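Let's take a friendly walk through a protein fold, one piece at a time. Have the picture ready and follow along.

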Amino acid sequence: MKVNLRHTVWRLAVFLIVTMLGLFALLTIFGQFRFDTARNYRAEFLDVTGLANGNFVRIAGVEVGKVRNISLKSDGNVEVEFSADDSVVLTEGSRAVIRWGDVIGGRYLALEEGAGGMKILGAGATIPVDRTEPALDLDVLIGGFRPLFRALDPEQVNALAGQLIAAFQGQGVTIGSFLNQTAALTATLADRDALIGQVIANLSTVLGSLGDRSDQFATAVDSLSELMSGLAARKQDISDGVAHINAGSASIADLLQQSRAPMKKAVQEADRTAATVLADQQYVDHVLENLPAALRILNRQALYGDYFTFYFCEVALKLNGKGGQPMYVKVAEQTSGRCTPK
């Protein structure tokens with residue numbers, strides 16, 4: 001009896017342990033918990049519509065963190081705090097972009113490498129608003145294609161809308177599918193014979209005009225061919241030039257960042273100087289009024305070269321006398337000629 005009870009207790013314990021482990025695994029998977037060490041960063045956006053706490057942070061489609069907190073700042077911008085794995089390296093050129101995750105409104109935060117400094121950002125650093133981008137305005141995008149959607153059935157509209165969102169978010173691999181949807185649209189429009197006939201007639205007129213100017217058109221084509229050949233021959237130089245422009249842009253950005261503090265101080269000092277001049281305006285006006293006459297006298301002194309000539313009529317020494325009173329001792333004196341008293 002005791003042996004059976006002991007076996008039952010062991011079986012119950014094993015069952016409870018397995019059940020708890022399974023429950024923990026389910027909570028971890030469906031709760032999307034992360035146990036990796038991560039660092040927190042911040043990014044400022046003008047608009048974060050649709051982004052919510054817990055949304056993924058991705059780099060090239062790979063999940064590297066989550067959105068931790070979203071708060072509104074006093075200047076009207078929105079600050080998004082997010083985490084990223086320790087293996088992720090963000091620099092001063094990194095960009096934060098809000099992307100559409102699906103056509104029903106899901107969002108995620110994408111981290112991209114852009115032009116800028118290569119200094120590594122530490123934990124807690126903020127990506128400024130000029131290096132962030134809100135999500136694509138889907139209403140404006142879909143509204144612009146509304147006439148096109150009217151010619152499609154609902155399934156084609158949904159497929160085309162999804163491809164548009166992905167393509168306009170930089171996922172160029174979806175452009176081929178988008179072109180397939182466009183081909184389906186052209187097939188639907190094929191029934192409009194009258195419109196197509198009018199287009200063909202207009203095209204014939206244009207081609208007739210081009211035929212009358214075949215020599216000029218051929219010359220233009222030849223020139224364009226020569227231009228493309230020249231560009232192809234110098235493609236390495238062009239590639240190097242683009243790389244140098246990119247490096248120069250990064251250097252200029254670093255220079256402006258370093259000169260920001262001195263420029264700010266110079267503006268402050270200029271403001272303080274202007275306030276001082278305005279406070280003693282009469283004295284400054286007097287100096288500026290008498291300055292031309294003084295400069296003319298000084299100019300006459302330098303007529304004979306890059307030196308000044310002086311004629312001494314009297315040389316005296318000033319000494320401290322008894323009780324601190326000054327004493328003047330004449331060393332030389334002339335009262336005739338140009339020194340004659342007037």
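Keep in mind that this is a predicted model. Strand S9 covers residues 314-320 and strand S10 covers residues 326-333, and the two pair in the antiparallel sense over seven bridges.

Strands of a sheet pair through backbone hydrogen bonds, either parallel or antiparallel. Here, eight strands form an open sheet with mixed pairing, in the order S7-S1-S4-S3-S2-S6-S5-S8. Its edge strands are S7 (126-127) and S8 (132-133), each pairing on one side only. Strand S1 (residues 38-45) pairs with S7 in the parallel sense over two bridges, and Arg42 has Thr126 in S7 as its bridge partner.

Next, zoom in on Arg95, which sits in strand S5 (residues 94-100). Is Arg95 buried or partly exposed? Its relative accessibility is 24%, so Arg95 counts as partly exposed. Beyond its neighbours within four places in sequence, Arg95 is in contact with several residues, among them Ala110, Arg131 and Glu133. With Glu133, the contact includes a polar one between the two side chains, at 3.1 Å. Arg95 and Ala43 are 52 residues apart along the chain, with 9.0 Å between their C-alpha atoms.

Finally, follow helix H9 (residues 281-301), whose 21 residues reach 30 Å from first C-alpha to last. H9 bends by about 40° at Leu291, and Pro292 follows within four residues.

Definitions and conventions: Residues are numbered from 1 along each chain as its sequence is written. This is a predicted model: local features need pLDDT of at least 70, side-chain atom pairs count only at pLDDT 80 or more; totals for chains, interfaces and linings use all residues. Side-chain values use heavy atoms; hydrogens and water are left out. Two strands pair if DSSP finds at least two bridges between them. The expected span of a helix is 1.5 Å times one less than its number of residues. The bend at a residue is the angle between axes fitted to the seven residues ending there and the seven starting there. Buried means under 20% relative accessible area, exposed over 50%, partly exposed in between (1.4 Å probe, protein chains only). Contact means heavy atoms within 4.5 Å. A polar contact is a pair of N or O atoms within 3.5 Å; within protein, one must be able to donate a hydrogen and the other to accept it, and residues adjacent in sequence count only if both atoms are side-chain atoms.
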